[in-house]
Amino acid sequence: MKLAITGGASAGHVVPALAVAGQLRDRGAELVFLGRENTIEHDYARRAGIPFRHVPSAGLRRHRSTSNLLMPFTVARGIVAAYMTLRRERPDALFSKGSYVSVPVGIGAALARVPVVIHESDHSLGLANKILGRLATTICLSVAPTGPTPRWMRNKTQVTGLPLRADLADAKPEALRTRLGVPDDKRVLLIFCGSSGSQRINTAVRTQLDALGEQYNVLHVVGKGNLDPHLVDRPGYWQLEYLHDDMAHALALADLVIGRAGATTLAELAALDLPAVLVPLPASVSRGDQLDNARAYAEQHPEHCRVIADEQLTDPGALVQACAALSAVPRGGCGSRPRPEAAAERIADLVLEAASRRR
């Protein structure tokens, strides 16, 4: 059996997609990944040893931009490319993890009569999944809907949870501590804001680094091209552009996290019972899903979470105060290893069911 995978633009889409891909490969499926060349999904698929096929795609920018005028033409080219690729590869089903990367692939799959299974991480469907949801045979949700479900969704929706990176349960935090040279004299503060980082959070952290460094050894994932050469040798501060295979080790090493409120991040924090200061993306640069995510997470984990609005980052001491409020909260999860494969297993079952119905 051959199965196709798509989704990209951020680690929050690619990492869960590869968790499902790993389950499918373990069951003997041949895989192919469709996405954009020289991107995060291309890099991750290569690292996972999954053959990759290029499909053009473009997202809608939430501000005025000339690229929005060109987007329909790029998507049209992507649909044609995806259709031709899928006709050539002949997969039995497609699993789509979302983002604009998945739209031309999902439409191409529908045109090629390939069953489509999609997954939504957030509390509501994003634009890509709203488009593909009507074409999909199965819609997987991380959480149960809180409001009325549209009629077209009712008979094909499954609540599966969010697939997590499989290596969470096998993390080796002390190996990472030794490799980076992080002493055990203080608690570890891990800061990460997705695959591209966040300039606003990076600036706020560096502005408040003296105070943060008094309490923590700071492990700061800044995003590609965001290293500060003036802080390379600063004691108690480690800056890295990105963590690939070491991300699970870093999460296991951390006592506290500062980060955005993407659904994948929150699912990993919950699995590890890890205290966190969340700075959700504002509605001005997103559809507001992280605001909803952070609000729901803070209600569910009131002792382990503090939320700071993005505009508060310019307030002196905002991060320090939020971290101080969680300074006495112990992390959990280490004694009871999470079982990250549960959601990925369930979604893999549904993809295989869709594929078998086509045969």
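**Group meeting talk: a walk through a predicted model**

Helices here are DSSP runs of H or I with at least four residues, strands are runs of E with at least two, and both are numbered from the N terminus. Please keep in mind that this is a predicted model, where local features need pLDDT of at least 70 and side-chain atom pairs count only at pLDDT 80 or more, while totals for chains, interfaces and linings use all residues. Residues are numbered from 1 along each chain as its sequence is written, and side-chain values use heavy atoms, with hydrogens and water left out.

Is Ala82 buried or exposed? Ala82 is buried, because its relative accessible area is 0%. Buried means under 20% relative accessible area, exposed means over 50%, and partly exposed is in between, using a 1.4 Å probe and protein chains only. What does Ala82 touch, if we don't count residues up to four places away in sequence? The answer is Val55, Pro104, Val105 and Gly108, where contact means heavy atoms within 4.5 Å. For a sense of distance, the C-alpha atoms of Ala82 and Thr137 are 18 Å apart, and these two residues are 55 places from each other along the chain.

Next, the aromatic rings. The structure has one aromatic pair. Phe33 and Phe52 form that pair, and they are stacked, with 5.9 Å from centre to centre and 15 degrees between the planes. Rings of Phe, Tyr and Trp (its six-membered ring) pair if their centres lie within 6.5 Å; planes under 30 degrees apart are stacked, over 60 edge-to-face, and the rest tilted. This pair links distant parts of the chain, since Phe33 is in strand β2 (residues 30-35) and Phe52 is in strand β3 (residues 52-54), 19 residues apart. Phe33 counts as buried because its relative accessibility is 0%, and Phe52 counts as buried at 16%.

Now to the cores. A nonpolar core is a set of buried Ala, Val, Leu, Ile, Met, Phe, Trp, Tyr and Cys residues joined through side-chain atoms within 4.5 Å. The largest one has 34 residues, and Val257 and Leu269 are among those with the most contacts inside it. Which element gives the most to this core? That is α10, with six residues. Apart from this core lies another, of 30 residues, including Val14, Leu24, Leu31 and Ile347. Back to Val257: leaving aside neighbours within four places in sequence, its contacts include Leu190, Phe192 and Leu274.

Let's look at two helices together. Helix α1 (residues 11-26) and helix α14 (residues 341-358) pack at an angle of about 65 degrees, with their axes 8 Å apart. Axes are lines fitted to C-alpha atoms, for helices over the stretch in contact, and angles run from 0 to 180 degrees between N-to-C directions. On the α1 side, the contact is made by Ala19, Val20, Gln23 and Leu24, and the α14 residues include Ala344 and Ile347.

Finally, two residues other than glycine with positive phi. Phi of Ser99 is near 80 degrees, and Ser99 is in the loop between β4 (93-96) and α4 (102-111). Phi of Arg113 is near 60 degrees, and Arg113 is in the loop between α4 and β5 (116-120). Ser99 counts as buried because its relative accessibility is 11%, whereas Arg113 counts as exposed at 70%.
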